[in-house]
Amino acid sequence: MKINIYIAKQKMDLMDEQGQITRQYLISTAKNGTGQKNGSFCTPLGKHIIRAKIGTGQPVNTVFVKRRPTGEVYSPKLAVQFPKRDWILTRILWLSGCEPGFNRFGSVDTMRRYIYIHGTPDSVEMGEPGSIGCIRMRNSDLVELFDQVSAGTQVEIMA
């Protein structure tokens with residue numbers, strides 16, 4: 001399996017071992033566009049891998065903070081209670097860059113920037129940039145993807 005992410009199209013392709021697209025998803029990447037630097041709130045480009053899969057077996061809409069389930073389940077009421085929270089829901093695919101000096105090590109390290117593929121509230125629009133660097137997905141799409149990929153799966157993020 002391999003994942004290709006297309007920033008301009010706000011789409012993700014899941015591909016099989018032969019390079020055939022098996023599934024396509026609408027996503028939402030950074031509202032600040034693309035960029036490698038820590039603190040830029042941009043989505044990094046280049047070759048990555050899934051370093052860790054977090055959230056196996058958690059209920060849909062489980063809220064994560066610092067990659068840990070908080071015990072909360074997202075709801076509109078919770079959203080009103082925490083209006084400024086960047087919602088990371090359901091599952092996390094933590095990305096790690098593979099290109100030293102571009103998206104790995106130092107001030108451009110994707111993993112140290114905590115860039116994930118993660119779930120988001122259903123009210124968040126897909127197909128439009130809106131995150132602070134991560135790749136957001138519909139929770140149902142993320143659960144489907146999460147169950148098909150493993151740690152080490154290649155992820156390429158392209159403009």
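I began with Lys66, which lies in the loop between strand E5 (62-65) and strand E6 (68-73). I took helices (H or I, at least four residues) and strands (E, at least two) as DSSP runs, numbered from the N terminus. The model is predicted, so local features need pLDDT of at least 70 and side-chain atom pairs count only at pLDDT 80 or more, while totals for chains, interfaces and linings use all residues. Residues are numbered from 1 along each chain as its sequence is written, and side-chain values use heavy atoms, with hydrogens and water left out.

Phi of Lys66 is positive, near 55°, and the residue is not a glycine. Lys66 is exposed, at 67% relative accessible area. My cut-offs: buried is under 20% relative accessible area, exposed over 50%, partly exposed in between (1.4 Å probe, protein chains only).

Next I looked at Phe41. It sits in the loop between strand E3 (21-26) and strand E4 (46-54). Phe41 is partly exposed, because its relative accessibility is 46%.

Then I turned to Ser131, in the loop between strand E8 (116-120) and strand E9 (135-138). Ser131 is buried, at 1% relative accessible area. Contact here means heavy atoms within 4.5 Å. Leaving aside neighbours within four places in sequence, I found Ser131 in contact with Ser28, Thr29, Ala30, Lys31, Thr43 and Arg136. Its side chain reaches the backbone nitrogen of Ala30 at 3.2 Å and the backbone oxygen of Cys134 at 2.6 Å.

Last, I checked helix H2 (residues 139-146): six of its eight residues are buried.

Methods. Polar contact = N/O pair within 3.5 Å; in protein donor to acceptor, adjacent residues only side chain to side chain.
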